[in-house]
Amino acid sequence: MDGQQQGIRRRRWGMAMAATLIGTGVTAFAMAGTAQADLERADQRCFTVAGGWKDAALVNLTPVGATGAGDGQLISSQVKNDPPVASNVNFGVDTVDPNVAVTPIGSDREVCFQNSVHASVDLVADHLGTIVDHAYRMATPTGAPNRVVDTREQLGGDRIAPAGQLCFAVEGDPGDAALVNITPVGASGAGDGQLISSDAKHDPPVASNVNFGPGTVDPNVAVALIGADGEVCFQNSVHASVDLVADHLGSIAASAFRSATESGAPNRVVDTRRRLGGERIPPSGQLCVAVEGAAGDAALVNLTPIGASGAGDGQLISSDVKSDPPVASNVNFRAGSVDPNVAIAPIGADGEVCFQNSQHSSVDVVIDHLGSVASWAYEPASASGAPERRVDTRYDTDDDRPECAGSDALTFDWQTARTMYGISSRAYEIDPGERIGATLDTYGGGAVQMRDEMECWKLVGAFRGTDGGASFEVDTEVIVARNVATYDVVVAFRGTEFSLTDFRDIETDLAAELTSFRLPDGQLVNKAVHEGFEAGYQASRTKLLNVLALVDFSDVPDARVYFTGHSLGGALATLGSLDLVDELMARGYDRDEVVTYTFGAPRSMTRTMSGHHATFVPQSYAVANATDIVPHVPPRGGDTDYTHLRNMVVLHAVDDDPRLRIEQGDGRNYGGCSNMLIASFADHGRAEYDRRLNITDFVGKPTASISLSGGEFRLRWTSPIEGPCDWIGLFEKAGTLTNASNPIRDRWVDDDGDNSYTTSVGKSWDHWVAYVNMFGEIVSKQEYFPGLPSVSLRRNENCCSPDTIDFYWSVGDPGDHDLIVLFDRDPNVVGPNGYYKQFGVNRVEAKADTNSPERTAIWVGSDPNDWWVAYIMVDDDGRQRILATSRGVRG
């Protein structure tokens, strides 16, 4: 299998991370169970960042998949043994609310996320960059935030009325830029607020840092210049009263910070709702804007996506990389959400920064420039200025995690088949609504096929669909998983299950009428696919699209989306990959990165549709055990003419034999035979597929040969493992045998225990033997050639007959009509009929002893140098062919 190991690819975890958040919205419709989050209550996760000791690391924190309400904070590793009481982020079940945190880097070059005691949670941490220590003053000696306001506790002030204002002192000098985490809580209605310098409190600018509503807890980092009195202020909007929690993170020195405006207020440079700075941003769109600061300075910007058409994300980038934007995100959004966040990016050579939208949905954006950090004081996390993902606990980053391989092969790949089968089997064991986030080997009961491979895949969705638009109810179950290293996605459909009270899958299987199917290019094909399978797939389609939109890593090089399933699940996967391939390509995947692997699937579509599938999804493979009955239904032929995928792989094996023969062919021609007297349902079972896919001893393909003995053709073949419907055939064909049509004799190969078949057919040189497989394809063939005779002639040495010629010949299996012929001219010129004298080789009188070549003699009365002898084969129809010639020599 050396060739099947080509195309293996491996990626180290964290080197090419895409930033789309998995889990957004999934739990709401599919995940009724409890999430298995990686950070338990009061847990801590420390990680390295670029920068030196005491430099201030800016990190975007995104808690995901929380088991309940809680909060967390970013702290220096210097205080990890005695963490302060504070928070940077708040979270709850189903929330995805990122926020920027700032903390000094410890002496070990690490910072830490400290979870609260309330709930477990997964964490995504993106390092944005670092401010050098001499340009940054910490809010507290430990580097922890300093809670300066909590109006719920009357700390620093009381609840803030509509249009109210609350000022408070912070660490730093007048003119320094204070970074403050603002958390509005308990609002009486929808509203917004902003952090401003106390110097501008009598004439506050129009801007906002936070948005809030009843029941929301959405913190955000704000920046404002410290006023002459050492204070900054929170300015509430006119809409609602609200409580405020304000944590001072630290202050950037005035010499290292240029405010966006003279007053120190944010500068609203974009509001696409009002066509300020640009228009609504389409999927994958980009909007660039000029900001205050020099090229290379780091612009601090508050991003507020609003009015999104669906779930998506976006990022702030330098205009220097706008033609090749990095893969990352600063904000996440969905329809109806208003979740601002602070982002930072180096200002480009043209004085601009850009908002890069993801490919998922269109969105309006509000961009408020807060100010810029001088280039000498700021080090981006990456050369492009993009965030660098340092933690994603949904996909373990421990160095001892096994390396997980992927494939970019453009042919059938054995390791990929094993992995896809393991996931197909897991689809039976993982129930809809199952908790997300764990590796596939940890779910459900039953045997775990391909356990090592399953450790590389984490569950990101499990759901059921029952309404496929048909007259009957279906029961389609789907799981979606993500490879922790390669970012491949797999969609696995469960196969047939039934009980005494639930026959929905059986009804789906039996609804075998043909129905129409719309191709990715919009063409509607009538009488195209199995009605039951189409209904089963359609029942899952909407939920599947929602999940795929949230686990889109098309920007990751070589990442693939696999569709797989066993039995009924394979038929659904076949339809799903065809239906969604162009949708996935629109998101950025290549056509060859959408791949199908099915196992023991029934026929699901017509020959015409199989051809369309091969065009739209060329990397598709149907795997079947040779004696599995299910791939032989529904039957071929008739009005339906059901077929398989074009690329089919058959696994030939025998019970208790640790060897396997793999055979590939055109699935549209795959057929059963009357020789399969008893259908093997056992060979359809998952245990048998698991056994065969774990075999490592592979045997070669069969070979066939033909010979003639005693006037009868003997057909022989060698095949360590014969297919149940393989057959041997004898063909009469002038020229090259190209197909297995119209044999004159044929026989199932497993009807003959000695791998040979003898048949009486008139002798001719236009006969072939062929070994034909279950695809009707010739695996091995050989043309019959009689053992080539040798002939010679020379002058007889007998003194009494000086002009007599002796003929000598040798032939292994002379035919009844073969001739020895004397010519007085070259027989290759004059042809068989231009002879002088001829003899039947089986009727020659004088012969030497049995150990010598046959010979005879003839008197010619002239010099034998003028004569030729030939051996001519003659078939039962009298056709002649010269097989050997020789010119006479003087005796």
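In this predicted model, the pLDDT, which is the predictor's confidence in each residue on a scale from 0 to 100, stays under 50 over residues 397–402. For this stretch the model has nine contacts beyond four places in sequence, a contact meaning heavy atoms within 4.5 Å. The protein chain averages a pLDDT of 83, and 87% of the residues score at least 70. Over residues 1–36 the pLDDT is below 50, and this stretch has 123 contacts in the model beyond near neighbours in sequence. Because the model is predicted, local features need a pLDDT of at least 70 and side-chain atom pairs count only at pLDDT 80 or more, whereas totals for chains, interfaces and linings use all residues. Residues are numbered from 1 along each chain as its sequence is written, and side-chain values use heavy atoms, with hydrogens and water left out.

Helices (H or I, at least four residues) and strands (E, at least two) are DSSP runs, numbered from the N terminus. Two strands pair if DSSP finds at least two bridges between them. Strands of a sheet pair through backbone hydrogen bonds, in either the parallel or the antiparallel sense.

An open sheet of mixed pairing is formed by eight strands in the order β30-β31-β32-β35-β36-β38-β40-β41. At its edges lie β30 (457–465) and β41 (661–666), each of which pairs on one side only. On average, neighbouring strands of this sheet are turned by 20° against each other, direction ignored; axes are lines fitted to C-alpha atoms, for helices over the stretch in contact, and angles run from 0 to 180 degrees between N-to-C directions. Within the sheet, β36 (residues 594–599) and β38 (residues 620–625) are joined by four bridges in the parallel sense. In this pairing T598 stands opposite A622 in β38. Helix α8 (residues 686–693) packs on the sheet and touches β35 (561–566), β36, β38 and β40 (647–652). The direction of α8 makes about 105° with that of β38. The loop between β38 and β39 (642–643) contains P634, which is joined to V633 by a cis peptide bond with an omega of about -15°.

Of the 20 residues of α6, 16 are buried, and the helix is mostly covered. Residues are classed as buried under 20% relative accessible area, exposed over 50% and partly exposed in between (1.4 Å probe, protein chains only). Just after α6, G588 takes a positive phi of about 130°. In α5 a kink of about 45° is centred on R541. The helix is mostly covered, with 14 of its 20 residues buried.

In a regular strand the side chains alternate between the two faces of the sheet. Strand β20 (residues 286–290) has L287 and V289 on a covered face and Q286, C288 and A290 on an uncovered one. Strand β20 runs antiparallel to β25 (residues 352–357), and five bridges join the two. The bridge partner of L287 in β25 is F355. In the loop between β19 (267–271) and β20 lies S284, a residue other than glycine with a positive phi near 65°. S284 counts as partly exposed, at 43% relative accessibility. A positive phi, near 60°, is also found at Q154, again a residue other than glycine. Q154 is placed in the loop between β10 (146–150) and β11 (165–169) and is exposed, with a relative accessible area of 53%.

A further open sheet has four strands in the order β45-β44-β47-β48, with antiparallel pairing. Its edge strands, β45 (745–748) and β48 (778–783), each pair on one side only. Neighbouring strands of this sheet are turned by 15° against each other on average, direction ignored. Five bridges link β47 (residues 767–772) to β48 in the antiparallel sense, and W768 stands opposite E783 in β48.

Methods: Bend = angle between axes of the 7 residues up to and from the residue.
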